[in-house]
Amino acid sequence: MTATSSSVIRCTHSEGPTHPVMGDPMRFIMTAEQTGGAYALSEIETRPGGGAPPHIHHHEEECFYVLEGTIEVTANGTVHRLEAGDFAHVPRGVVRSFTNPGTTHARMLIMHNPGAAAGFYIGMGKLPFPPQLEAIKALGDQYGIELVAP
């Protein structure tokens, strides 16, 4: 990441720390620390069948923008199929999950507003894979993210 004299932070395609989250690489383009807490932006490459289990963000809105492949975002029980170029916004307090139903990897941008949730995902990347449910719940408690039984 490069800060310029005009206070612009630039992140090239090869910059930003990458952490394995639920077995998939998640690159952190901007974190809450870099945006004054306003938002966090990450890119995730999701393997076929991969994704995130049902959960609730109690403090953040979450946005998904698919770059490659297909992602299914489920919000309050409704499945939204997203192809490359499609976008979905999920408000805070809504049960959500996502999965890659395809046979190839999918890539998408995920934005959290405000950005504190990035700390949860960075923490997830430090847990052994597959992570223990209790470890995920304890981490979620720190960030206001609640796992929901499917």
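**Salt bridges, backbone and aromatic contacts**

Modeller: Let us start with Asp-24, which is buried, with a relative accessible area of 2%. Please keep in mind that this is a predicted model.

Colleague: Understood. With which residue does Asp-24 form a salt bridge?

Modeller: The partner is Arg-47, and the closest N and O atoms are 2.8 Å apart. Asp-24 belongs to strand β4, while Arg-47 sits in the loop between β5 (40-46) and β6 (51-57), so the pair ties together parts that are 23 residues apart in sequence.

Colleague: And Arg-47, how is it classed: buried, partly exposed or exposed?

Modeller: Arg-47 is partly exposed, because its relative accessible area is 28%. Asp-24, by contrast, is buried at 2%.

Colleague: How many salt bridges are there by this rule?

Modeller: The count comes to eight. One of them joins Arg-81 to Glu-72, with the closest N and O atoms 2.9 Å apart.

Colleague: Which residues are linked in a network of salt bridges?

Modeller: Arg-27, Glu-43, Glu-68 and Arg-107 are linked in such a network. Within that group, Glu-68 forms a salt bridge with Arg-107, where the closest N and O atoms are 3.0 Å apart. Glu-68 lies in strand β7 (residues 61-68) and Arg-107 in strand β12, so this pair ties together parts that are 39 residues apart in sequence.

Colleague: What is the relative accessible area of Glu-68, and what is that of Arg-107?

Modeller: Glu-68 has a relative accessible area of 40%, so it is partly exposed. Arg-107 is partly exposed as well, with 24%.

Colleague: What about the bond from Phe-129 to Pro-130: cis or trans?

Modeller: That bond is cis, and its omega is near -5°. Pro-130 is placed in the loop between α1 and α2 (133-143).

Colleague: Now phi. What is the value for Met-22?

Modeller: Phi of Met-22 is near 55°, a positive value in a residue other than glycine. Met-22 lies in the loop between β3 (18-21) and β4 (24-30), and it is partly exposed, with a relative accessible area of 22%.

Colleague: And Asn-76, what is its phi?

Modeller: Asn-76 has a positive phi of about 50°, although it is not a glycine. The residue is found in the loop between β8 (70-75) and β9 (78-83). Since the cut-off for exposed is over 50%, Asn-76 is exposed, with a relative accessible area of 55%.

Colleague: Let us return to α1. How many of its residues are buried?

Modeller: Seven of its 10 residues are buried, and the helix is mostly covered. Among the buried residues are Ala-117, Ala-118, Gly-123, Met-124 and Gly-125. Phe-120 and Tyr-121 are buried too.

Colleague: How many aromatic pairs does a search of the whole structure find?

Modeller: The search finds two. In the pair of Phe-120 and Tyr-121 the ring centres are 5.1 Å apart and the planes are at 85°, so the pair is edge-to-face.

Methods:
Residues numbered from 1 in each chain as written. Predicted model: local features only at pLDDT ≥ 70, side-chain atom pairs only at ≥ 80, totals over all residues. Heavy atoms only, no water. Helix = DSSP H or I, 4+ residues; strand = E, 2+ residues; numbered from the N terminus. Buried < 20%, exposed > 50% of the residue type's maximum accessible area, 1.4 Å probe, protein only. Salt bridge = Lys/Arg side-chain N within 4 Å of Asp/Glu carboxyl O. Phe/Tyr/Trp six-rings, centres within 6.5 Å; stacked < 30°, edge-to-face > 60°.
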